[in-house]
Amino acid sequence: MSRRSRYVMVIDARTCVGCSGCVIACRTENNVAPGHSRDWIFTETAGSFPKLRMTIRSERCNHCKNAACVRACPTGASWYGPGGSVQVNADKCTGCKACIAGCPYDARFVDPRTGTVDKCTFCMHRIDRGMPTTACQDTCPTQSIHFGDLNDAASEVSKLLATREWYTLRPEAGTQPMVYYLK
Amino acid sequence: METTTTRANPLIDPQLHIWHGEVALYLFLGGLAAGIMIITGAMRLRDRNAAWSSHLALLSWCAPLLLSLGMFFLWLDLENPFNALRFYATFSWHSPMSWGAWILLLVFPVSILFAWTQTRRSASGRLARFDAWAREREAPLAAWNVAGGVALGLYTGILLASLAARPLWNSALLGPLFLVSGASTGAAFLLLFRLRDDERLALGRLDLFLVAIEIVVVGLWLASLASGGRESRAAVALFLGGPYTVSFWTLVFAVGLATPLAAEWLERRHGVVPGRVAPVLVLIGGLALRWILVSAGQSTGWAIDVALH
């Protein structure tokens with residue numbers, strides 16, 4: 001019996017410099033609609049001068065295990081794909097936008113060229129062809145982005161999550177996000 | 001070359017802008033149709049032999065007609081409208097929108113058949129057989145009309161309430177609020193037409209009761225948000241000093257609830273046959289409630305993490 005995969009992304013928020021290379025690479029790889037982004041850079045400064053701290057991280061769809069978008073979708077267009085990733089079947093999408101309203105991460109948008117919903121796919125077209133990396137991961141100059149199978153104890157993502165402190169975004173939303181950030 | 005790389009999604013930032021007036025109109029017309037179904041069905045169940053004025057009987061046809069108009073607006077809101085039949089290619093039990101699509105499919109035949117039984121004239125041939133079939137089932141059709149109206153009215157609220165990512169909508173009270181508001185606008189709509197005095201008096205009394213209930217539900221909804229967590233309190237602040245304060249308290253509360261309540265109470269106290277001013281205000285308030293809620297809800301969300309991880 002073959003073992004089921006659980007695809008996750010692990011992003012090192014300590015080494016990300018916010019260069020936006022991942023955003024450009026994703027747009028190029030996935031032909032993202034002009035003016036839209038499947039991933040983006042989040043920056044946050046906290047504290048009082050001169051004791052300031054800054055967080056920079058690359059954000060995207062969290063491919064949640066308990067995805068609010070999949071629950072909201074009335075046609076089954078949003079579905080759990082390979083490795084538990086959340087995918088959109090454009091053929092079934094009516095553009096009702098319930099999934100966009102339901103996503104606590106605001107990770108989805110309507111592609112104006114097709115009228116269907118678009119978002120990060122974990123570059124599943126590459127993974128399906130046997131490529132081990134996503135486009136954003138390939139281009140990251142500080143190698144802050146890691147992608148892999150959490151159910152494989154020997155994978156890089158499993159080792160990182162086992163040895164480093166990590167957090168997920170808005171865990172209180174109860175969606176069980178599958179994008180992890182290293183502290 | 002595209003050089004913008006931070007959160008540059010015009011459909012999402014600085015706030016969500018996905019649902020516009022079409023959705024508000026659909027929710028209003030859906031609630032109105034639900035209200036007409038509930039009221040006409042309940043009136044028929046209450047007195048099965050009552051002779052209605054011809055206008056009231058004809059108005060039962062407004063439920064499917066107004067719902068059709070509402071669904072047209074909903075269709076206009078779809079970004080991929082020619083895929084609309086996909087709603088009926090599956091049933092997603094976890095999606096309120098899927099429930100709504102199938103409820104609409106139930107509501108249409110029920111409301112049309114009920115309206116037929118209220119406005120039948122002499123029929124011949126096959127139509128006579130259909131007419132006899134429908135007449136025999138007038139009472140169950142009236143009961144189904146009420147049930148379909150309740151399902152439709154509740155669904156219009158639950159559709160928004162199920163979206164936990166938008167704290168303003170995410171309240172179990174939104175379903176009952178939209179249901180009672182829909183019933184109130186239904187009564188108000190019927191009062192716009194020339195009905196018999198006894199019918200106007202009954203509908204006026206009913207609307208007074210419904211508006212009073214709606215005020216209580218609005219109060220409970222705001223109180224539940226105000227006593228909730230960080231996101232809920234930020235959401236209700238939109239109406240308590242925030243950018244929607246004036247529009248909400250003026251159009252929804254003063255125009256749509258408080259003034260009609262006072263007018264209908266005075267009419268009842270002095271035994272005056274209800275006029276058309278209060279119903280018009282109730283309809284304005286019902287539309288404003290949905291328009292403001294659809295717009296304001298999209299500006300609420302889970303706060304961006306304020307503390308560094």
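**Helix packing and backbone features of the predicted model**

Helices α1(B) and α3(B) are roughly antiparallel to each other, because angles over 145 degrees are counted that way. (Angles under 35 degrees count as roughly parallel, 65 to 115 as roughly perpendicular, and the rest as oblique.) The model is a predicted one, in which local features need pLDDT of at least 70 and side-chain atom pairs count only at pLDDT 80 or more, while totals for chains, interfaces and linings use all residues. Residues are numbered from 1 along each chain as its sequence is written, chains are lettered from A and ligands numbered from 1 in the order in which they are written, and side-chain values use heavy atoms, with hydrogens and water left out.

Two packed helices are described by the angle between their axes and the distance between the axes. For α1(B) and helix α3 (residues 62–77) of chain B, the angle is about 160° and the axes lie 8 Å apart. Here axes are lines fitted to C-alpha atoms, for helices over the stretch in contact, and angles run from 0 to 180 degrees between N-to-C directions. Helices (H or I, at least four residues) and strands (E, at least two) are DSSP runs, numbered from the N terminus. The crossing of α1(B) and α3(B) is left-handed, a term for a near helix turned anticlockwise from the far one by less than a right angle, with clockwise giving right-handed. Residues of α1(B) in this contact (heavy atoms within 4.5 Å) include Y26(B), L29(B) and I36(B), and those of α3(B) include L66(B), F73(B) and L74(B). By class, 17 residues of the contact of α1(B) with α3(B) are nonpolar, two polar and two charged. In this scheme Ala, Val, Leu, Ile, Met, Phe, Trp, Tyr, Cys and Pro count as nonpolar, Asp, Glu, Lys and Arg as charged, and the others, Gly among them, as polar.

Helix α11 (residues 277–298) of chain B packs against helix α10 (residues 245–269) of chain B at an angle of about 150°, with the axes 8 Å apart. This makes α10(B) roughly antiparallel to α11(B), and their crossing is left-handed. Among the residues that meet here are F248(B), L251(B) and V255(B) of α10(B), and L281(B), G285(B) and I292(B) of α11(B). The contact of α10(B) with α11(B) holds 13 nonpolar residues, four polar and one charged.

Helix α7 (residues 174–191) of chain B also packs with α11(B), again at about 150° and with axes 8 Å apart. As a result, α7(B) is roughly antiparallel to α11(B), and the crossing of this pair is left-handed. L174(B), L177(B) and F178(B) are among the α7(B) residues that take part, along with L283(B), G286(B) and L293(B) from α11(B). The contact of α7(B) with α11(B) comprises 11 nonpolar, five polar and one charged residues. V277(B), placed in α11(B), counts as exposed at 63% relative accessibility. The C-alpha atoms of V277(B) and A139(B) are separated by 33 Å, the two residues being 138 apart along the chain.

Buried means under 20% relative accessible area, exposed over 50% and partly exposed in between (1.4 Å probe, protein chains only). Leaving aside residues up to four places away in sequence, W221(B) touches partners including L168(B), L174(B), F239(B) and L293(B).

In chain A, seven of the 10 residues of helix α1 (residues 21–30) are buried, so this helix is largely enclosed by the rest of the structure. The buried residues, among them C22(A), V23(A) and R27(A), pack against β2 (39–48), β3 (51–60), α4 (124–128), α5 (135–139) and β8 (145–149) of chain A.

Most residues other than glycine have a negative phi, and most peptide bonds are trans. N31(A), which follows α1(A), has a positive phi near 50°. R170(A), in the loop between β9 (166–167) and β10 (179–182) of chain A, has a positive phi of about 45° and counts as buried at 8% relative accessibility. Q176(A) lies in the loop between β9 and β10 of chain A; its phi is positive, near 50°, and at 42% relative accessibility Q176(A) counts as partly exposed. The peptide bond from F49(A) to P50(A) is cis, with omega near 5°, and P50(A) is placed in the loop between β2 and β3 of chain A.
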